[in-house]
Amino acid sequence: MTTLTATPGQTIGPFYGYALPFDGGNELVPPGAAGAIRLHGTVTDGAGTPVPDALLEIWQPDADGSVPTATGSLRRDGWTFTGWGRTGTDADGRYSFTTVKPSAMQPGSAAFFAVTVFARGLLNRLFTRAYPPDDRLADDALLNSIPKDRRHTLIAVPDEQGLRFDIRLQGRDETVFLQYRAPR
């Protein structure tokens, strides 16, 4: 039996732009649909330089706080909300999703978009949350577990285009990233 050597979680490269994004992947709902919002922003590195080849995925509940269970997330039919999307950044590090504003999934918590970032130089993907501004933020256990001076990195800011959520991979104002424990 051959013993295999451990390898990094992924090999990150510019091939993401060719292999993983798909038509409509950033449209969890069609633009202009009732209740549609735009979640957008820029991914930057530690020097503040835009990252032109990052890949982002979001998962979220619908506007009622229900987690979608419909199959076929890669198929966009124009009306089935699957709660999942994927997009790459452009040459200026910008990304955009058309979706609905999520609602909280349980009492005592705030609504959020679960965000995953893949980018060159990362051996493993990064996990974070984008919270829409809301009165319930003060009640969210995870957000309250983060030092006050860092919480703003998880809260999307309303602007004329929708909700802006910039992601800073490291350095000053680095986005808070989450670590999940392995199941026991």
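**Salt bridges in the predicted model**

Author: In this predicted model, D166 is partly exposed, with a relative accessible area of 36%, and its side chain meets that of R164 in a salt bridge with an N to O distance of 2.9 Å. R164 is likewise partly exposed, its relative accessible area being 32%.

Side chains of opposite charge can pair when their charged atoms come close. Counted with a limit of 4 Å between a side-chain nitrogen of Lys or Arg and a carboxyl oxygen of Asp or Glu, the model holds 8 salt bridges.

One of them joins the side chains of D53 and R120, with 3.0 Å from N to O. Because D53 sits in the loop between β1 (36-44) and β2 (55-59), while R120 sits in the loop between β5 (113-118) and β6 (126-130), this pair ties together parts that are 67 residues apart in sequence. R120 itself is partly exposed, at a relative accessible area of 42%.

Another salt bridge is formed by R129 and D140, whose closest N and O atoms are 4.0 Å apart. Here R129 belongs to strand β6 and D140 to the loop between β6 and α2 (141-144), and the pair links distant parts of the chain, 11 residues apart.

Technical notes. Residues are numbered from 1 along each chain as its sequence is written. This is a predicted model: local features need pLDDT of at least 70, side-chain atom pairs count only at pLDDT 80 or more; totals for chains, interfaces and linings use all residues. Side-chain values use heavy atoms; hydrogens and water are left out. Helices (H or I, at least four residues) and strands (E, at least two) are DSSP runs, numbered from the N terminus. Buried means under 20% relative accessible area, exposed over 50%, partly exposed in between (1.4 Å probe, protein chains only).
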